[in-house]
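Please work through the following exercises with the sequence and the coordinates at hand. Each task is followed by a stepwise solution.

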Amino acid sequence: MKIRGAVKTAATLRPPAGGGAGAALAMRDVEVSLPSARGSLRILRGVTFTVGRGEVVAVAGESGSGKSTSILAALRLLPPGARVTGSIVLDGEDVLAMPRRGLRGLRAGRARLVFQDPWRALHPMKRIGAQLVESARTADPGLSAAAARELVEHTLAGVGIPDPPARMRSYPHEISGGQAQRIVIAMALVARPAVLLCDEPTTALDVTTQAQILELLRRLNRELGISIVIATHDLDVIADVADRLVVMYAGEVVEEGPTAEVLSAPRHPYTWSLLRAAPGAAEGGRLRAIEGRPPSPAEEPAGCAFAARCPSVHEICTTTRPEPRHVLPGRASACLRAEGYGPVPAGGGR
Amino acid sequence: MSTHAPVARVNGLVKDFRIPGGRVLRAVDGVSFEVGRGETLGLVGESGSGKSTVARMLIRLDRPTAGSVEFEGADITALRGAALRRQVRRRMAMVFQSSSTSLNPYQRVGEVLAEPLRVHRVGEAGARGRAVETMMERVGLDPAFAGRYPRELSGGQRQRVGIARALMLDPSLIVADEPTASLDVSVQAQVVNLLQDLQRDLGLSYLFITHDLGLVRHLSHRVAVMYLGRLVEVGDTAQVFAEPAHPYAAMLVSMRRQAEHRILPAGEIPSPIDRPSGCVFRSRCPIAQARCERDVPPLVEIAPGRRAACHFPGELRPGGTDAPVHVPAAPPLVAPLTSQKGR
């Protein structure tokens, strides 16, 4: 038996206007450092990953791993003073070289961000309809007010909001968390984005609502071809949604590959330890905690950042920094010993 | 494991809150359950289902509108003053969700832990200091941290302080309200292991509130499911997760199964101000019938130790089996190695 939430078909939603050639998002050797009282903190250390057109990619990691920073960096939304090097291409635009004006247009239209907390993304004193109309008309200034309202109504129906005209007259405090997150997603969709960047989109929600929102994202991806990047700390949640998984640790990408493959047969000891630490994986008895803590952004480990907590650390791991490299077709791992107990590669180059 | 004498029991708990406009919001509507000695009872439900309010009434932070609370064989519903402090405050304690906001930022860890002893006039200063030191070791904190402020500790360490504080007066029941929700998975595992060790060593009972189903499945002996202020199902955790009787419980446990077996509820949870007539779940229930609109289903025993509040218990069954979703195969490099690092 299978019951779905009351959602109309996505026929009412229009596919994105953009969507040119190339990847939806390409991050290459991205380094981000933030100034602090005690020198600069390196938040991202050479992050490289791509999100293909029409793909759903999850960027997973614990707090401080750099998953949210990666998403914010892709839109150049980092706090003032942040130093970013490397290259970031988002929907065909070189984000780091873009002028402010162009950047604002990009954020309003083709690449939209969905935050963790829907309440903070909505203005508490403006009606929902007005906020969505504003979003639609900022993305497309040529849109008339009437046309924008129509678009908003259709989009709200498409994301599963019952009685859209009534909801458009509501204020954000009058709606539930699940509805608020749907509305925030609709607010992004009315701009007809090619890329949707979501920062922990379901963390603030209940389990069943979480499943509904992820189902919605999956549907938007399949039916409209929107490329989606989801930053998350919960590997269980994204397992069925994401095509590919990027695992981050201490500001670095440690593993990357098709979601099902990474989850069933990880090639990096961190991914494995993390999966085993989840309560679902323990068959009775104790949970398998990862002892210790990740290095702070102020520390600069000489070798692998995970070496101090790694269950199979080798001498070379404390002196040589591993770079992500292909270990299997479509799979990358930043572990010097990802092939197993053979001879350990000396350089660990890509 | 649970024995036959429960440490705490609530009977027909009701909590009304007055809201603007002269209306009444019934947050908890006739909840009854018991927590066995040495047992962990998991309390699950959506936000707004009343689980925290139930916990607050059990621990006598909120006064129930109706119903009674029994604890260690005595009725504590109306206790006040010295009797409340002696019979309740010293014997029950709470571990809060956010370790950063439940600790006073200007109080050193040692003072945080000594405070319950001081307030209840247990021992003199020297003995208190030693008790603090012992407790810090017990929860895996370096006693040298006694002089530190909460902001100097990591999230996991702060939660250990929260647990240590709850244990200072040697309670028999701990109410834990989402104690690991703000922690990362790897740190959560450390804290959960600690809670289980303490339970085994000290014979503690836990009322464990969470909406992490994997966590409930892992650490509670029995589970109680709440929906919109009512208890809809109670039973042995493994049984409820394998064969849920109430449709809402069926939906919850289906979230742990393969995607094709998941049952998503229709629509949103109704507002507790306008609750549906009859069964509160009927507006989202895929198997609701006319009868569900008229009659409130009572919470009745459907099997030994299992109670469910549904006119058609067990009729909505999720497919598949309850199993760990991902059990990863070890990477080729993770295997016993010779020399190893310390912690």
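The exercises below treat confidence, a sheet, domains and a chain contact in turn.

This is a predicted model, in which local features need pLDDT of at least 70 and side-chain atom pairs count only at pLDDT 80 or more, while totals for chains, interfaces and linings use all residues. Residues are numbered from 1 along each chain as its sequence is written, and chains are lettered from A and ligands numbered from 1 in the order in which they are written.

**Exercise 1.** State the confidence of the model and locate a stretch of chain B where pLDDT stays under 50.

*Solution.* Step 1: the model scores are ipTM 0.81 and pTM 0.86. Step 2: pLDDT is the predictor's confidence in each residue, from 0 to 100; its average over chain B is 89, and 94% of the residues reach at least 70. Step 3: residues 336–343 of chain B stay under 50, and the model has 5 contacts beyond four places in sequence for them. A contact requires C-beta atoms, placed from the backbone, within 7 Å. Where pLDDT is low, the predicted coordinates should not be read in detail.

**Exercise 2.** Determine the strand order of the open sheet in chain A and explain which strands stand at its edges.

*Solution.* Step 1: strands are DSSP runs of E, at least two residues long, and helices are runs of H or I, at least four, both numbered from the N terminus. Two strands pair if DSSP finds at least two bridges between them. Step 2: the 8 strands of chain A follow the order β6-β7-β8-β3-β9-β10-β12-β11, with mixed pairing. Step 3: β6 (111–114) and β11 (325–328) of chain A each have a single partner strand, so one side of each lacks a neighbour in the sheet. Step 4: within chain A, β7 (residues 195–199) and β8 (residues 227–232) run parallel and are joined by 5 bridges; C198(A) has I230(A) in β8(A) as its bridge partner.

**Exercise 3.** Describe how domain 1 and domain 2 of chain A are placed.

*Solution.* Step 1: the bounds, from an automatic or database domain assignment, are 10–248 for domain 1 and 270–282 + 302–333 for domain 2 of chain A. Step 2: their centres, taken over C-alpha atoms, are 29 Å apart. Step 3: 4 residues of domain 1 touch 7 residues of domain 2 in chain A.

**Exercise 4.** Which helix gives the largest share of the side of chain A that touches chain B?

*Solution.* Step 1: the contact involves 57 residues of chain A and 47 residues of chain B. Step 2: α7 (177–189), α8 (207–224), α10 (259–264) and α11 (269–277) of chain A each contribute at least two residues. Step 3: the largest share, 6 residues, belongs to α11(A).

Key: Two residues are in contact if their C-beta atoms, placed from the backbone, lie within 7 Å.
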